[in-house]
Each structure stands twice: as C-alpha cells, then as structure tokens.
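Walk through this model from its covalent link to its sheet and then to its cores. Keep the sequence and the coordinates side by side.

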Amino acid sequence: MRCSRQVSVLLALVLCATGLRAQDRPHVFRGATIYPVSGPPIENGVLVIHQGKIVAVGPANRVSIPRGAVELDVRGKVIIPGLVDTHSHIGGGDGGDRSATLHPEVRILDAIDPQHDTFWKARAGGITTMNIMPGSGHLMSGQTVYVKPRMARTIQEMLFCQDPLREVCGGMKMANGTNSLGNPPSPGTRAKSAALVRQLFLKAVEYREKIRQAQGDPAKMPARDLQMEALVEILEGKRIVHFHTHRHDDILTAIRLGQEFGFRPVLHHVSEAWKVADEIARARVPCSIIVLDSPGGKHEAVDIRWENGAALEKAGVDVAFHTDDGITDSRLFLRSAALGIRAGMSRQKALEALTLAGARMLGLENRIGSLDPGKDADFVVLSGDPFSVYTHVEQTWIDGRKVFDRANPEHRKYATGGYGVYRGDVYGHDEGEE
C-alpha cells in the first residue's frame, strides 16, 4: 500500500512538471462568452494566458494572438473567473480544543491535509481560492488560511503567502451566538462572550504599546506571546477578522467590537442581515452569506432568507457567498448565486458575489476575482449560463493549469459521485493537466 502511494505521488509530480512545461507557450481560448466581472460580458470572446497570468481578454477582433500559442476552441461555452469561497472547512483540518474559548494562536494550516480528496470537491465546483477556517465552536477558533486547491503534496504549495513563519497567511476566525455558548471555560451568556473578547483585545492593545515603547531594544521587548502576536496583527490591519454570526443583535455586537478596537470584520452567515441591512451598510462592513436550500439547522438561523443577498445589495453592502463546506457542497457553489438571483439579486452582483467580492474580503482583489490582464489565470469553463441548473463546470484552471476536466472519467467521478468517492487516493489516477 505504501509503495503504491509513493508511485502515485511520483506520477503526480511528473504530470505537474509536464503541465508547467506546457505553460511555456501561451494558451488562447477562442469563441466563448466571457464574463470578466470587472466589465460587461463579451460575446465571441478571447482569453489569452501565459505563465500563470492573464495576458489579454476581449472581443475576437481586438485581441492579438501570440505567435506559437496553443489555441483552444471553446465556442458555445462560458468562461468566468475562478470562484472564491470565503468560508470553507475542507481539507480535514480541526482547530482549537476545549481548554479555552479563545484560541488566537491556533493555525488551521498546521492541521490541513493538502492531499485530502475533499479538495476535488472545490476543483469540480470551479472554486480556485478558498478561506479555510478552524471550527466555530469558540469565540476565537484560530487563524484561517487562504489557499488555492492546486495539485499539491504540501500545504506550502497551496498558500498565497511565501513564508508562513514570517507572513500573515490568512485571517482570524471569530464567532458569537449559540456556537460559543456552553460549559466552562466557554461563556454561558452572550454578554459574557463579548466581555471576554474585549478583555483579550485590551490585553493585546497593552502588548502592542510595550512593543512600541521598546523601540526595537530586545532588552525592553515583552516576552513573546503567540496569542498577542496574532491579535496585534488584527489591530494593525494585517489580519482580517472573519466573524461567524447569525442573529440581528449578534451582528451588531460584532460590528461594535470592530469599531471599539479599530478593525473591520467580514461578517459571515448573517442569517438575519435582512433585518439590519441599513445598519450594516452604515458601518461599511462586508458580508459573506450562505444560502440554504433545505430546512433544519440551528435555532438562531431560523429566520434565514434567500432574500438576504438582495436586501444587502439594495442597502449597498459588499456581499459575497460561501459554502461553509460541508454545509453546502463545494461542487454546488454556483447554485448559491442562482438562488440569490431567484430571490431578487441582480445577475451582475450575484456573479461578483462568487468572485470579486470574495476576493476583496480576503484582501486578494489585486490577484484574483476578475479576468483582467496581469491577474492570476484562475478561471472556469462552463457548459452554459452560470446560473442555469443545467450548466456543468467543464474545466477549472488555476495559475494557467487545468486542475479539473469533466471529460476525464477520473475527474468526472468527483463531480457526480457521492461522498464515498472522496475516500480514495487523490493521486491514484491520471490528473489530466494541461
């Protein structure tokens, strides 16, 4: 079994190397309807990529084709930017334990299995960037990580950052409401929950001030504290807070905490955002929402509505969608926007909510989220209209490399199979990359 695994890994490495060599030549996609998101749809469009970046995008009569390019006929297809999932739990990771209710020092990247088959769900669903979170059972579950579901052996190969020891590689997962209530050491009430968070941030403010007063003198520096380091990154705007919250009063509590300590949270789930959409808009806080198509779940989410996205759009809030996989299967992410449109969102904002809005909420809008020259060549080839129930993800490309191809039977099974398909060996087949 171990020998078979090693052979499979070697095969994947060879295929990856082959894919990299292929990208020495520009690739041209001709004839599709292209939705750049940053601009209007382009009929009979042309997309040119080279060395992992977008080189050009536009109508066929306005885009020059590089000499020696690999040309692909995608007439009748639709090309959209790679989808951005601002809230996911795939990869087999965990998070903080029950020894405390605040775990800012915990890093989900230390627990993710980059060879976990659930990453195929993302590829099959057209997701090219995701914010993987620790769990939500704490007031502060730990540090999230921004990744691309590349074919990878190590987590390092998936990260947006270069050095996870010296760089901020994600955000911070916080929560309020019923998830964080429980037996000691968890708080038993909402008021105590907010008080515990405030107390920890006050400690971080004091820690930051000691660092400033030390002025670089090692003898005057406070003792290193991993919890405080992570919180100071929040206070200094280097780490985004991703705040799990549902009820309208919990939403406003999250906003107040951000205002008190000078950070701007991204509000996640916000089941009752439609009740306080104007207040969210005045605070200029973005929202990442989930769309549920079946009843059930926790009592605090009983008033969730499909109209959430439309209400936030109308109020002028920057809104994105997320899967919270496995609450919503990553393979069905496009459906979230389709349901949002059915409940009143505009097509333009719904597609932006799957792509560019999510990129902004991760601070990655300069690299991903739209099809613009210079951005990463992350895109999806669809069989038809992005919001049609009959449309399939046919291909997913990350950094100019094809990581999912529905025409490949081994890939197709990850798009159409049940959960049992994710128990196999991720490298146990032909990856079929370009």
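The structure holds one disulfide (a pair of cysteine sulfur atoms within 2.5 Å). Cys161 and Cys169 form it, with their sulfur atoms 1.9 Å apart. The link of Cys161 and Cys169 is right-handed, at 85° about the S-S bond. Both cysteines, Cys161 and Cys169, are buried. Buried means under 20% relative accessible area, exposed over 50%, and partly exposed in between, with a 1.4 Å probe and protein chains only.

This is a predicted model: local features need pLDDT of at least 70, side-chain atom pairs count only at pLDDT 80 or more, and totals for chains, interfaces and linings use all residues. Residues are numbered from 1 along each chain as its sequence is written, and side-chain values use heavy atoms, with hydrogens and water left out.

Now the sheet. Six strands form an open sheet in the order β8-β10-β11-β12-β13-β14, with mixed pairing. Helices (H or I, at least four residues) and strands (E, at least two) are DSSP runs, numbered from the N terminus. Two strands pair if DSSP finds at least two bridges between them. β8 (140-143) and β14 (319-321) stand at the edges, each with a single partner strand, so one side of each has no neighbour in the sheet. Neighbouring strands are turned by 25° against each other on average, direction ignored. Axes here are lines fitted to C-alpha atoms, for helices over the stretch in contact, and angles run from 0 to 180 degrees between N-to-C directions.

β8 and β10 pair in the antiparallel sense over three bridges. Gln143 has Met172 of β10 as its bridge partner. β10 and strand β11 (residues 241-245) pair in the parallel sense over four bridges. Here Lys173 stands opposite His242 in β11.

In a regular strand the side chains alternate between the two faces of the sheet. Strand β10 (residues 172-175) is covered on both faces: Met172 and Met174 on one side, and Lys173 and Ala175 on the other, are all buried.

Strand β13 (residues 287-289) and β14 pair in the parallel sense over three bridges. Ser288 stands opposite Ala320 in β14. Helix α7 (residues 308-315) lies across β12 (265-269), β13 and β14, running at about 160° to β13.

Last, the cores. A nonpolar core is a set of buried Ala, Val, Leu, Ile, Met, Phe, Trp, Tyr and Cys residues joined through side-chain atoms within 4.5 Å. The largest has 85 residues; among those with the most contacts inside it are Val145, Phe201 and Phe321. Helix α4 (residues 226-235) gives the most to this core, with six residues. A second, separate core of 15 residues includes Phe29 and Val381.

Note on methods:
Contact means heavy atoms within 4.5 Å.
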